[in-house]
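Subject: Structure handover

Hi,

Here is the structure I promised to pass on.

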Amino acid sequence: MPRRAGVRPRAARARAAGAGNGGDALRPVSRRTFLKGVGGTVVGLSLTRLGFRLAQTTAEDEVYRYYAYTGWEDLYRKKWTWDKVTWGTHLVDCYPGGCSFHVYTKDGIVWREEQSAVYPHIEDGVPDMNPRGCQKGACFSRVMYGAERLKYPLRRTGERGEGNWERITWDQALTDVADAMLDAIKESGPETVIYEFGSGEGGTVNGTSPAWRLMRLIGGTTLDSNGLTSDFNVGLYQTFGKFQFVSSIDDWFHADLLLIWHMNPLYTRIPSAHFIWEARYHGAEVVSIAPDYNASSIHADLYVPIEPGTDAALALAMCKVIIDEGKVNEAFVREQTDLGLLVRQDNRRFLRESDLEAGGRDDQFYFLDEKTGAVLKASRRTLDLGGATPALRGDAPVKLADGSEVRVRPAFEDLVALLQAYTPEAASKITGVQPMIIRRLAKQVAAAKAVHMLQGFNVNKYYHGDLMERAMALVMALTGNFGRKGTGMRGWNSAQLVPSGLLKTRPGLEGFLQFARKARKVEKRLLDEDDTLTEEMVAIGTVQEEVRGKTVTDMPATPLMVPPAFYWYHHAGYKEVWNRPEWNDPEMKRTFDEYMQEAMDRGWWDGLVRPAPDKPPRVYLGVAGSTLRRTRGGFKQLLNEVWPKFKLIVSCDLRMSTTAYFSDIVLPAAGFYEKVDFRFPTAHINFLTFTDKAVEPVGEAKPVWEIFALLAAKLQQRATERGIDEYSDDGGRAYRLRDVYDVFTMHGAIKERDGEKLAEEIVKDTVRVGALPEKTDLKKVREKGIIRFTGLGADALGLALATDIKPDETISPLRWHVERKVPYPTMTRRIQFYIDHEWFLEAGEELPVHKPNPRMGGDYALTMTSGHQRWSIHSINVVNETLLRTHRGHPLIIMNPGDAEARGIADGEEVRVHNDFDEFFIHTKLSSAARPGQVIVYHAWEPYQHRNWKSYDIIIPGMIKWLHLAGGYGHLNYYPMNWVQQQVDRAIPVEVEKMV
């Protein structure tokens with residue numbers, strides 16, 4: 001661990017604790033003396049860590065004056081007395097999180113926390129959500145007061161990464177940061193100020209929004225969070241035009257078949273997993289499909305072991321069985337999907353109005369009516385077929401506008417032809433799954449009344465994860481398992497709260513109406529251009545206006561976010577990595593560079609390449625994220641390629657992460673129980689979860705809103721002193737600094753210490769859009785701790801749920817599409833399996849197919865997979881001593897005993913793991929739960945916990961799939977957290993060697 005100002009090394013503390021015993025560590029003591037000595041030492045250490053100084057008394061004297069010992073019973077009673085109990089939650093991006101806790105405080109210190117178990121019963125016959133919470137949340141106070149906690153602003157005094165720091169004042173720190181930002185603005189442009197946020201601060205008041213707000217005001221570059229974390233379910237997006245739809249966890253109970261596919265809920269969904277087993281007790285069958293026999297597989301009715309990355313082959317074979325045996329839900333397929341739309345047999349593209357009429361629409365499609373044989377227009381306004389029956393079989397001749405004739409047939413026919421290659425026997429050779437199991441699975445899905453597929457964020461971290469997810473969705477669509485209770489696939493949604501701190505420039509109703517009026521103007525213009533747009537499509541169009549720099553709010557027109565892939569490609573050395581053909585899809589027809597250049601030439605990503613290739617980044621600002629740990633291959637690529645380009649690197653965090661250790665300025669942020677906030681909501685839970693300020697922040701730590709309000713004030717002050725005011729970015733957007741603090745604080749209405757006022761603003765604005773009950777205010781939230789949402793919110797991400805939230809029902813997404821026949825936001829306005837973008841046709845991926853994992857990193861015998869570990873939420877808890885005692889306490893690689901024996905490797909031995917990209921060292925854990933040829937490293941360990949500071953990420957090249965650079969096609973257009981390129985890190989070829 002790095003040494004921090006004000007914290008003595010553990011060995012020094014131990015020596016100090018024993019300094020008065022004359023060196024006789026074994027001196028006999030009475031039971032009472034032992035209890036007093038141990039208790040005093042423990043409390044003394046805690047108070048010393050917190051920086052408390054008790055006048056004229058020692059910590060031991062103070063504690064034992066209060067705890068006058070009269071017997072063990074009294075000690076026990078006093079242990080359970082508190083000064084106050086407050087609401088708490090953990091403002092971190094866990095899945096799905098939002099767990100309500102009680103926080104117990106005594107003498108200004110949080111001593112413990114426990115689940116509040118206040119969740120109400122929602123639907124008759126369905127279990128409630130109680131108690132919600134996991135072991136990480138139950139000991140977060142150990143992180144608050146741990147040795148890794150940041151307490152004071154620090155400035156580097158040696159080289160980056162040497163660990164030499166000086167403690168400085170907040171004014172000194174903010175002045176350094178403001179001056180560096182002003183230098184960048186003046187010399188290179190505001191887009192060279194890079195803002196990256198992470199998963200460690202999921203607050204709404206003090207989370208990612210304050211720095212994001214400041215970046216918008218000055219024209220800085222904010223990197224897309226899904227592009228950074230690789231948490232974008234790209235296959236769902238390609239199929240539905242969105243991925244932010246998800247059922248509430250209690251809706252799982254309605255399923256009679258649960259497919260756990262690319263998820264290990266007993267590791268990653270600890271507070272929610274009980275619904276799976278309660279559904280099982282209720283009669284549901286649980287199937288686990290995974291390469292390894294994981295903790296969730298143990299409890300399943302059927303475990304299906306599969307070769308990593310071959311899931312598309314399994315799903316497509318299931319589809320073939322379903323079709324061959326006549327088990328297709330044809331009514332659902334005809335109405336809800338694009339499989340009834342006609343495809344030209346000459347060029348494999350959909351038949352369009354522009355093919356049939358001069359000046360016709362490029363997004364008007366057709367189907368063949370089964371009853372009349374007529375070629376009819378597919379409605380763009382509704383999914384209601386109006387009595388027609390789109391044919392799924394057959395073909396027909398069509399005369400084009402130029403007089404020529406082509407034959408067309410439904411996309412379903414193309415699917416049937418494709419599936420001839422995916423018999424259960426053929427798929428078995430690819431997947432390792434026996435044909436009889438494939439047939440059994442297919443028949444189970446077809447026979448079930450309600451199938452829910454629990455697929456996590458693991459699938460999208462495979463290179464061809466999009467194909468896998470599209471194929472999995474096809475299984476569900478062929479059997480009609482969307483838009484009903486107990487059905488669907490797991491996406492993500494976190495949009496019900498109105499982000500007042502990001503959008504508004506004025507407080508209260510005035511500011512809300514100001515924003516709403518401007519948004520309405522954009523919506524009206526979009527509808528004037530196309531009156532068939534749904535509410536969801538209009539919302540997407542509105543946010544895309546913001547992305548392209550056409551501001552919908554009164555904030556400057558800075559792009560909301562930009563994909564990080566272009567920053568990595570141009571400035572972090574990934575161009576060379578991504579252009580290695582042997583590490584890419586071998587079916588690529590051109591080089592990665594050629595695809596990138598074409599995407600740029602055709603304007604698909606105009607305005608989103610920030611900073612430009614000829615503008616090196618100047619200032620890096622990270623909030624609650626560790627880019628050197630999280631970016632795949634980042635500890636190698638970022639440190640070597642982009643770190644030297646930054647004039648100043650700033651980390652704002654709770655703890656000393658690896659990135660903070662290699663920063664120039666470190667700003668200490670308040671912890672989860674040290675401020676008023678809400679954990680960002682998700683429809684999985686559908687509750688607004690409150691955390692109150694139980695104690696003052698440790699040392700000089702500050703809430704994030706306060707930090708960035710102060711930075712805005714310092715920017716305004718230093719800009720005035722240096723004569724810097726108006727300027728433009730490389731997109732010609734104008735900015736000014738003379739009133740940046742005034743605008744940041746909504747013209748003084750919400751200043752740096754007014755986080756509670758901002759919380760009230762957020763609640764009231766959310767009530768105004770109908771997403772919280774009427775008359776809800778912060779007082780009521782503080783009283784109840786949790787408030788159930790009543791609506792979806794007002795933006796595109798919330799509307800993606802496409803369902804009504806009812807007070808006495810679980811949440812089942814996509815019901816508007818199925819019940820009200822509302823079109824989907826895809827190119828075809830249907831669930832889209834056939835994508836006729838020219839690049840997809842070139843790749844042979846117009847329909848989902850199986851493709852093998854590219855050899856990313858070289859051709860090696862073992863395949864490394866990963867996932868979230870059970871003992872930490874990302875890296876926040878990886879040095880939590882309480883949790884370290886619950887397992888081996890260090891990073892490890894899980895290895896099949898047969899593979900280990902063949903290499904002469906024993907359990908617990910340190911080994912070298914390597915490929916052509918790099919190497920790292922780690923201890924083994926031998927387990928037959930890992931399949932032969934597979935090794936597993938559960939991620940989030942900090943690099944400083946490994947030899948040479950190299951964690952498992954160091955051997956991951958961080959490839960992105962070239963096809964995700966495509967654009968200019970219906971829903972294949974970027975907006976924040978959607979259609980964004982992301983690095984992949986699963987199925988990495990490696991070798992494991994015994995240390996010599």
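Below are my notes, from the overall fold down to single residues.

Please keep in mind that this is a predicted model.

**Overall**

The chain has 996 residues, and 64% of them count as buried. DSSP runs give 36 helices and 31 strands. The C-alpha trace spans about 100 × 70 × 60 Å along its principal axes.

The exposed surface comes to about 34,900 Å². Carbon and sulfur atoms supply 50% of that area.

**Salt bridges**

Side chains of opposite charge can pair when their charged atoms come close. The model holds 88 salt bridges.

Asp362 and Arg352 form a salt bridge, at 3.2 Å from N to O. Asp362 is in the loop between α14 (353-356) and β12 (366-368), and Arg352 is in the loop between β11 (342-344) and α14, so the bridge ties together parts that are ten residues apart in sequence. The two ends sit in unlike surroundings. Arg352 counts as buried because its relative accessibility is 2%. Asp362 is at 41%, so it counts as partly exposed.

Arg733 pairs with Asp729, and their closest N and O atoms are 2.9 Å apart.

Glu910 and Arg947 make a salt bridge with the closest N and O atoms 2.5 Å apart. This pair links distant parts of the chain, 37 residues apart. Glu910 belongs to strand β28 (residues 910-914), while Arg947 lies in the loop between β30 and β31 (988-994). Arg947 is partly exposed, with 38% relative accessible area.

The network of salt bridges links Asp466, Asp585, Glu587, Glu845, Lys851 and Lys961.

**Nonpolar patch**

Which residues make the nonpolar surface patch of about 390 Å²? They are Trp72, Tyr76 and Trp80. Trp72 is part of helix α4, which covers residues 72-79. Its relative accessibility is 56%, and the cut-off for exposed is over 50%, so Trp72 counts as exposed.

**Backbone points to check**

One runs from Tyr95 to Pro96, with omega near -5°. Pro96 is in the loop between β1 (84-88) and β2 (101-106). The other runs from Arg610 to Pro611, with omega near -15°. Pro611 lies in the loop between α24 (592-601) and β18 (619-623).

Two lysines have positive phi. Lys775 has a phi of about 70°, although it is not a glycine. Its place is the loop between α30 (755-768) and α31 (778-784). Lys775 counts as exposed, because its relative accessibility is 76%. Lys821 has a positive phi of about 65°, and it is not a glycine either. Lys821 sits in the loop between α33 (815-819) and α34 (838-843).

**Gly933**

One glycine gets its own note. Gly933 is in the loop between β29 (919-926) and β30 (934-939). At a relative accessible area of 22%, Gly933 is partly exposed. What does Gly933 contact, leaving aside neighbours within four places in sequence? The partners are Ala861, Leu862, Thr863 and Asp899. Thr682 is 251 residues from Gly933 along the chain, and their C-alpha atoms are separated by 37 Å.

That is everything from this pass.

Best wishes

Conventions. Residues are numbered from 1 along each chain as its sequence is written. This is a predicted model: local features need pLDDT of at least 70, side-chain atom pairs count only at pLDDT 80 or more; totals for chains, interfaces and linings use all residues. Side-chain values use heavy atoms; hydrogens and water are left out. Patches are made of residues with over 30% relative accessible area and no salt bridge: like charges are joined within 9 Å, nonpolar side chains (Val, Leu, Ile, Met, Phe, Trp, Tyr) within 5 Å. Accessible areas come from the Shrake-Rupley method with a 1.4 Å probe; for residues, only the protein chains shown count as cover. A salt bridge is a side-chain nitrogen of Lys or Arg within 4 Å of a carboxyl oxygen of Asp or Glu. Helices (H or I, at least four residues) and strands (E, at least two) are DSSP runs, numbered from the N terminus. Buried means under 20% relative accessible area, exposed over 50%, partly exposed in between (1.4 Å probe, protein chains only). Contact means heavy atoms within 4.5 Å.
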